[in-house]
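Have a look at the structure first, then read on.

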Amino acid sequence: MTQTHDAKVLPFQPRPRREPRPHVLVVGAGFTGFYTAKHLARLLPDEAADITVVSLTDHLTYSPLLPEVAAGTLDPHLIAVPLHGTLGRARTVQGLVDEVDFTERTVHVVRTHGPEVTIAWDRLVLATGSVTRLLPTPGLREIGLGLKTLAEGQYVHDHVLRQIELADATDDPRERRALLTFVVVGAGYAGTETAAQLQRMTVQQIARFPRLTPDDLTWMLLDLSPAVLPELGPRLGAYALRVLARRGMQVRLGTTVTEMTAVGVTLSDGTRVATHTVLWTVGVTPPPLVERLGLPVQRGRLVVDDHLRLRVDVWAAGDSAAAANPYDERGLAYPPTAQHAQRQGRTIAVNVAASLGHGTPRRYLHHDLGLVADLGGWRAVARPFGIPLTGVLAKAITKGYHLLAVPSPGARLRIGANWLANQLTRPPATQLGFVDPSDARLGAAEHDEPPIASVD
Ligand SMILES: Cc1cc2nc3c(=O)[nH]c(=O)nc-3n(C[C@H](O)[C@H](O)[C@H](O)COP(=O)(O)OP(=O)(O)OC[C@H]3O[C@@H](n4cnc5c(N)ncnc54)[C@H](O)[C@@H]3O)c2cc1C
């Protein structure tokens, strides 16, 4: 066939309009949101739906290793798993959802960079996790330090090192004692791990200061409950207590802090303790957005059914949601742990895909595999499949569990290498001072204040 020049000039053909596709919107990219988006991208063919994740950060924070960031044994980057490149074709919008409209099916997003936007959805997944539980204790918001975000973890590390440096610089023995007194409130797994690992760090690092000795340090771990690590049972709690006591930690059970000021705390038994450091790890609660939704809650968590469904076309899971746990004899919901959040994320992906005609929905059923708690050094406690383990064996299981659970082969390699290096050399002790103190205040760090939007 001969082709004339004219035949090459094709009339303008607008690209055929794409059929509008359902839009799945996931709020939060912690364990629940990350695994929901990742599995949805695999389960749904490209043309079946668009997937968007709205997240305050561009990474998943592997929070079970936050105590190691605070203790300086892991660099914060290592536990920040990037969303880009790991969530398949899901799109990420960085910002805070401050409003959900269930009638119009939209969310309003205050972006961390760029103008505010309203995004429409057809399927919504609320995976907003939790923030540190605050009590009306005077001084808590101004003085207390939390450990829920990477910024907080790094700030706590810098702050503790700064106290040692200031103590070395002062000639006032009372001030030195106050600077070297550290109070941790809350002896659950987060508080106990943090206290144990930070105390070891201070003992190791104080050797760099010839004017100071480990005897100058005072560490206190307080809890209103009668045991440490209640999540791991009395036997492992008693073991952890012995390890901590041997290291010189003052563990005061049945005791809490009733007031905090810039120069010290008052304990519930009336004792006054001069200190400039109070770590607040008394548990978690869903973020303020959850309360604003005005939906039924159980201990602040959204009540969902056994398919993790909140309403038609809306699902919720992880720390933000309470799903009935048929395995719990006390009738409590599944506990707020990464183990459940991650698996619930996968279940939601299956159920959202099923709602779009791909596959069949399923119930969330998961028997707890047990918890682990790293006490620093060669000590840990672990309860895999209900078997209580202590010492080096528990330590190996704890490390192995985290290495497998971090959702990135690169991060696993780097974390493993870091741990190895820590065995051969003393971890560095440098305050980088990158974190603005205002970002580490309990309120701001855990975003009950929206980020300031900037247009750039
Ligand atoms: C120090 C520490 C140690 C821990 N150790 C363990 C352990 O050993 N084992 C274990 O199983 N669990 C552990 N946990 C608990 C575990 O980290 C949580 O249960 C888990 O992170 C819950 O996952 P999630 O997806 O519900 O929430 P998260 O992982 O908290 O993620 C929620 C995400 O949503 C974002 N977000 C919140 N609100 C909004 C909004 N309005 N708009 C946009 N984004 C929003 C947050 O920024 C966050 O990124 C530990 C927690 C801490 C703090």
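In this predicted model, the count comes to one cavity of 30 Å³ or more. Rolling a probe the size of a water molecule over the atoms is how you see where empty space is left.

**The cavity**
- If you want to find the largest cavity, look for its lining: Pro64, Leu65, Pro67, Glu68, Glu193, Gln197, Asp374 and His402.
- Helix 3 (66–70) and helix 7 (189–206) each give at least two residues to that lining.
- Sorted by class, the lining has three nonpolar, two polar and three charged residues.

**Around the ligand**
- The ligand has 32 residues around it, and the closest are Thr32, Ser63, Val97, Asp319 and Ala338.
- At least two residues of this shell come from each of helix 2 (31–43), strand 5 (91–101), helix 7 and helix 10 (338–355).

**Polar contacts and cover**
- Asp319 has a polar side-chain atom 2.8 Å from an oxygen atom of the ligand.
- Pro336 takes part through its backbone, with an N or O atom 3.2 Å from an oxygen atom of the ligand.
- Thr337 also has a backbone N or O atom by a ligand oxygen atom, at 3.4 Å.
- On its own, the ligand has 990 Å² of accessible area, and the protein covers 93% of that.

How values were computed: Residues numbered from 1 in each chain as written. Predicted model: local features only at pLDDT ≥ 70, side-chain atom pairs only at ≥ 80, totals over all residues. Heavy atoms only, no water. 1 Å grid on protein atoms, 1.4 Å probe; cavity = no way out; pocket = protein on both sides within 12 Å on 5 of 7 lines; lining within 4 Å. Points joined across faces, edges and corners; volume = space filled by probe spheres on them. Helix = DSSP H or I, 4+ residues; strand = E, 2+ residues; numbered from the N terminus. Nonpolar A, V, L, I, M, F, W, Y, C, P; charged D, E, K, R; others polar. Near = heavy atom within 4 Å. Polar contact = N/O pair within 3.5 Å; in protein donor to acceptor, adjacent residues only side chain to side chain. Areas by Shrake-Rupley, 256 points an atom, 1.4 Å probe, with all protein chains shown as cover.
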